[in-house]
Each structure stands twice: as structure tokens, then as C-alpha cells.
Amino acid sequence: MDKAAEQLTDLLATDLDDGFTELVRVHAKGVHAFLLRVSGSAAEADDLGQDTFLRAYTALRTYAPERRRALRPRAWLMTIAANVWRNHVRSSTRRPVSAIRVDDAQDKWPDVNPGPAERALNADDRGRLVAALSELPEFYRIPVVLRHVVGMSYAEVAQVQGCPVGTAKAQVSRAMGDLRRLLGTEEELREVTP
Amino acid sequence: MNGRKDHDGPPASQNGGGPAGELGTPPVPVDFALRVLRRVGIPRERYDTYVRMDSPAGGLFVAFTPESVTGSAPATSGLTSERFEESHRARTGRSAIPAVKPFPGLTTALRTGRARKLPLDPGPVDEVTAAVLQAVRAIPAGQLRPLSWIAREASSVSGGNTDALLGVLARNPFVVLVPCHRVTYENGAPCDAAYLPGVGDALRAAEGIDMAGVRQWSHSGAVFLGSDTTHIYCHPTCAHARRITAPHRVPFATARDAHRAGYRACKSCRPVSV
């Protein structure tokens, strides 16, 4: 565990409100990015992100200081976010509100200084990737987003998924294979219908 | 970490773009973290918020509580918002959360260069630092003051030690808001202790300070400017000195010379008097 994460857990153990503020400051972006990529909707990512942190805070209040110190904040938060997302999918399939699963919200994002990775991919490629991502089954989507959008290690992904590291690697690999296949078929279709 | 062979860091991204993988990191709404904290119900006094403002010298991060401004740093020189958050945390022990709405009066203060009425809270600092920052804040927009002037204004605590003074200016926690770009050495050269090269010049140019004129003035050996109609002498950038017409300008090298010639010190810019 690196030094910053250690300081964070120390802070959580000694002063919950201060530590939680730091937790939000450091990890809000990651949680939002994860939820945005799995849900495909900026509005949903916002709501679910708030739920995630609310649940994290409620849980932290009941934890003893030693347990807070032993936390691995990022993996723990992503576990909560993944659960919040799964619960949301379950309840929305039971009580469907609208048939649209992905609103193509990435066109509406306020353009705040795109990073090199953002610029490297043109908007069309990204749109197709996001669309392909939304076609993946949910149990593949979560590990691949954790690994390749949030940038977690396989050990952390495994912790979030509650499975061995090898399983996590396999899930990510299969998801990447599926993504390639999804994008590949589209390519062929395009060639047929120019 | 466990003992298994595993990639420890973020995945080596295929397009070489750092931790953001193939799908890129989508932009997050600026005030997302702030809304989370509000929703969870963390008391507002437990954290600071900050905004990125535009100043004549480029971007400027300004952190504040509802009552006062607690720090500022230029967004140039590769200081990203993450680095600013970390340095703010290290200096004040408080988290800075990005916000959309700036502190009341901050936009006007930056536009006009008049930040004197803005409530600043430097946190727990020794009284020398507090006195020096207070003295520097008293320099009006568009004017310059030498280090000795700051030392004299803050003399009740600093004892007129200019070395300690420079150290305090270099650690200025309120860049631009405490205008240390208006402080010069005794020879009139600006001592931009807290700024990168070029930043101080940009700020002075935005305030309309004529640095070429100041350099010419100091090369001639004169330090004060008097008016032979009022028999008052000023710092040359004082508002009262700038309106003396050319035929009535009387330069002085020392306060003693001015005193001998029957001049008194300006009560507005308070130059040294005998």
C-alpha cells in the first residue's frame, strides 16, 4: 500500500469526517469514471456515485478505528460502487423506466482540458467503444472497466469481484476478446454497407 | 500486496496514455465531490473549497472557507489541480474540494487588483509573517514599495530584518492576492520572490506600472520625488507623485536631502522621514 493511501486510512481512523472528506477528494473522480463507463449515462453515474459515498460513510461510521485503518480505500469503494450498480440494474429491470440503456452522453460532457489519452482517440472511436461496452454482459463489464478505465491492478479487481486473481484476469481477458469481436463485426458491416 | 506475480500499477495502456486505458478517463463534473459531501452531510466548516480563476498572470487556484480565503497558487508552471489540493492539504491540514462558485468579491478583486478588503486567513502563522503579509497588502494597486518600507510598516514585530522579510515573501501563501509583486529592492528592481519569471512582470503590466520608467528613475540615483509647489515628497509610484507635472518634479536621493530642502513626507505613501 502506498504512502498516500496509508495517510488516508490513518486519517479515517482518527477523525472520520476529515478522513471521509479526503477520501471523497481523492477517489470521487475514479468512482464517477467507473460508474459512467458501466452505466453509460452521466446522470446515472452522478446519482449512483452519490449513493456509493453515502453507503461508504454509513458503513464507516459503524466500523471500529482498527478496521478503518486496515481498509484499502480504492478497492473497498469500488466494491461498493459495483454493488450499487448491480442493485440498480436489478431494480431497474424489475421496474423499468425507459427502454434506453445508454444515452450517448459523452457528446454532452463539458470539455474540460482533454488529456492526451482523450485526444488520441477521436470521438467516433470512443463512441463505438462505449456502445460496444454497453453490449457486454454486466459481469464482464465491471472487471474490464475497473482494469482499463479506473486503472486498478488485477489484485484490486479480484478483491472487488470477490474472486481469485486468476479469475479476474480471465474475466478481463474474455471481456476484451468480446469487445474486439463486437468492434470487429461492426467493421465488417461497415465494409459491406459503405 | 499478495505474493503472487501481478501487475502492481495501472495497466500499461495500449496507446501510452498513462492510467487512462483504451477507453480514456471521462471528464467528471467539477462539483461532483462537493455534492457528495453535501449529500452525506459533512459540516461545511470541515473542508475548504477552491476554484480556478483567471488572473493577468494566467490561471490561479484560490481556496476558501465560507468566511475567508485560505490560500492561492498560480495554475501555471505545471501545477495541476491535484498538486494544488495536495499542497493545500500539506500547508493548512484541510482538504480542498473543487467548486464552481468563487468566493464573494474574489472576481472583482482579481479584475481590479484591489484585494485589500478580501478577508484572508493564513491559518496558524507566526506574528512576523502575519505582520509582513498585512504590510504588503497595504500597497495600493499600481504602486511599488521598497523592502525597507515593508520592514518599517511591519517593524513592531519584525525588527526591520529584510532577510527574514524576503523569506516570508517567498513563502507567500496568497500569491497575487497579497501583492508581493509590488515589492522592490532598494534600487527599484522588483523582488519577485514568490513568482516564476515573467509572472511578476505580467501582473505589474496589468496594473499599468511603467517598469521602464521606474528603471530609468532608479538609474538616475533618485529615490523620492517631490513637488516644488506643495513641498511634499513621495515614493515615485505614489498616486500623488504621478500627478506632479514635469516642470515641478524635484528628485531626491535621500530623505535627509528632502528634509534639508524644506520638504515633508507624503502622508499617503509614507516614505521614510527624518
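How many helices and how many strands are there in chain A? Chain A holds ten helices and zero strands, and its pattern along the sequence accordingly reads α-α-α-α-α-α-α-α-α-α. The model considered here is a predicted one. Of the 194 residues in chain A, 37% count as buried. Among the contacts of chain A with a separation of 6 or more, 70% are made by residues 24 or more positions apart.

Two helix pairs illustrate how chain A is packed. Helix H2 of chain A covers residues 16-39, and helix H3 of chain A covers residues 42-62; their axes come within 9 Å and cross at roughly 145°. The crossing of H2(A) and H3(A) is right-handed. On the H2(A) side, the residues in contact are A:Leu16, A:Phe20, A:Val24, A:Val31, A:His32, A:Leu35, A:Leu36 and A:Ser39. The residues of H3(A) that they meet include A:Ala45, A:Leu48, A:Gly49, A:Thr52, A:Phe53 and A:Tyr57. By class, the contact of H2(A) with H3(A) divides into twelve nonpolar, four polar and two charged residues.

Helix H8 (residues 138-150) of chain A packs against helix H9 (residues 154-161) of chain A at an angle of about 150°, and the two axes are 10 Å apart. Angles over 145 degrees count as roughly antiparallel, and H8(A) and H9(A) are therefore roughly antiparallel to each other. H8(A) passes H9(A) in a right-handed crossing. H8(A) contributes A:Pro143, A:Leu146 and A:Arg147, which meet A:Val157, A:Val160 and A:Gln161 of H9(A). Four nonpolar residues, one polar residue and one charged residue make up this contact of H8(A) with H9(A).

Is H9(A) mostly covered or mostly uncovered? Seven of the eight residues of H9(A) are buried, and the helix is thus mostly covered. Among these buried residues are A:Val157, A:Val160 and A:Gln161, which also take part in the contact with H8(A). Just after H9(A), A:Gly162 adopts a positive phi of about 70°.

Chain B brings a sheet into the picture. Its four strands form an open sheet in the order S3-S2-S1-S4, with mixed pairing. Strands S3 (69-74) and S4 (96-98) of chain B stand at the edges with a single partner strand each, so one side of each has no neighbour in the sheet. From one strand to the next, the twist averages 35°. Strand S2 (residues 58-64) of chain B runs antiparallel to S3(B), and five bridges join the two. One pairing between them links B:Val62 with its bridge partner B:Ser72 in S3(B). Helix H1 (residues 32-40) of chain B packs on the sheet, where it touches strand S1 (48-55) and S4 of chain B; the direction of H1(B) makes about 115° with that of S4(B).

B:Ala109 belongs to helix H3 (residues 106-112) of chain B. The C-alpha atoms of B:Ala109 and B:Pro146, which are 37 residues apart along the chain, are separated by 23 Å.

Technical notes:
Residues numbered from 1 in each chain as written. Chains lettered and ligands numbered in written order. Predicted model: local features only at pLDDT ≥ 70, side-chain atom pairs only at ≥ 80, totals over all residues. Axes fitted to C-alpha atoms, helices over the stretch in contact; angles between N-to-C directions. Parallel < 35°, antiparallel > 145°, perpendicular 65-115°, else oblique. Left-handed = near helix turned anticlockwise from the far one by under 90°. Contact = placed C-beta atoms within 7 Å. Nonpolar A, V, L, I, M, F, W, Y, C, P; charged D, E, K, R; others polar. Pairing = 2+ DSSP bridges. Buried ≥ 20, exposed ≤ 12 C-beta atoms within 10 Å, placed from the backbone.
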